[in-house]
Amino acid sequence: MTAVADVADTALRTEYPFTLPRGYVDQHGRRHRDGVMRLATARDELTTQNDPRAKQNPAYLTVLLLERTITRLGDVRDIDAFLVENLFASDLAFLQDLYRRINQDGHAEVAVACPHCGQEFAVDIAGDAPGGS
């Protein structure tokens with residue numbers, strides 16, 4: 001194995017493209033579905049836990065973490081709490097699951113089985129793999 005191959009095999013993936021099930025609809029009525037989430041840092045986790053909004057309502061921690069780790073959503077590059085608060089519930093659930101998978105499990109894949117033949121395989125739910133959403 002060459003040094004180049006060794007580097008490629010050990011490269012850390014830090015960004016995960018995704019496609020939302022429904023999409024964020026901005027104030028102009030444009031829908032944004034494709035985005036990128038980065039790995040969370042310790043600072044992301046610690047800072048959000050100390051935020052007064054999360055202390056008052058622990059469920060708000062999700063909004064704060066997604067605000068910090070989503071780097072792009074469609075044409076929108078300035079992701080803020082208002083945007084995350086205005087996602088459809090199904091999109092929020094999708095992003096919560098993606099966050100958990102990439103930051104705790106270390107990947108965005110889920111095991112599935114073909115309903116016709118029963119063959120099992122992995123699907124990248126982030127949507128960046130060939131044949132993804």
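Predicted model: local features only at pLDDT ≥ 70, side-chain atom pairs only at ≥ 80, totals over all residues.
Residues are numbered from 1 along each chain as its sequence is written, and side-chain values use heavy atoms, with hydrogens and water left out. Helices (H or I, at least four residues) and strands (E, at least two) are DSSP runs, numbered from the N terminus.

**The sheet**

- Three strands make an open sheet in the order β1-β2-β3, with antiparallel pairing; two strands pair if DSSP finds at least two bridges between them.
- At the edges lie β1 and β3 (70-73), each of which pairs on one side only.
- From one strand to the next, the twist averages 25°.
- Strand β2 (residues 31-38) runs antiparallel to β1 and is joined to β1 by 7 bridges.
- Across that pairing, Phe-18 stands opposite Gly-35, and Thr-19 stands opposite Asp-34.
- The hairpin of β1 and β2 has 5 residues between the strands, and Gly-29 takes a positive phi near 85° there.

**The aromatic pair**

- Searching the whole structure turns up 1 aromatic pair.
- Phe-18 and Phe-94 form this pair, which is tilted, at 6.4 Å centre to centre and 55° between the planes.
- For reference, rings of Phe, Tyr and Trp (its six-membered ring) pair if their centres lie within 6.5 Å; planes under 30 degrees apart count as stacked, over 60 as edge-to-face and the rest as tilted.
- The pair links distant parts of the chain, with Phe-18 in strand β1 (residues 15-25) and Phe-94 in helix α6 (residues 89-105), 76 residues apart.
- Phe-18 counts as buried because its relative accessibility is 2%, and Phe-94 counts as buried at 17%; buried means under 20% relative accessible area, exposed over 50% and partly exposed in between (1.4 Å probe, protein chains only).
- Phe-94 also lies 9.4 Å from Thr-19, C-alpha to C-alpha, although the two are 75 residues apart in sequence.

**The nonpolar core**

- A nonpolar core is a set of buried Ala, Val, Leu, Ile, Met, Phe, Trp, Tyr and Cys residues joined through side-chain atoms within 4.5 Å.
- The largest one has 24 residues, and those with the most contacts inside it are Phe-18, Met-37, Leu-73, Leu-83, Leu-87 and Leu-95.
- At least two residues of this core come from each of β1, α4 (60-69), β3, α5 (81-85) and α6.
- Beyond its neighbours within four places in sequence, Leu-83 is in contact (heavy atoms within 4.5 Å) with Tyr-24, Leu-73 and Val-76.

**Helix packing**

- Helix α2 (residues 42-49) packs with α4 at an angle of about 145°, and their axes are 9 Å apart.
- Here axes are lines fitted to C-alpha atoms, for helices over the stretch in contact, and angles run from 0 to 180 degrees between N-to-C directions.
- Among the residues that meet are Arg-43 and Asp-44 in α2, and Leu-61 and Arg-68 in α4.
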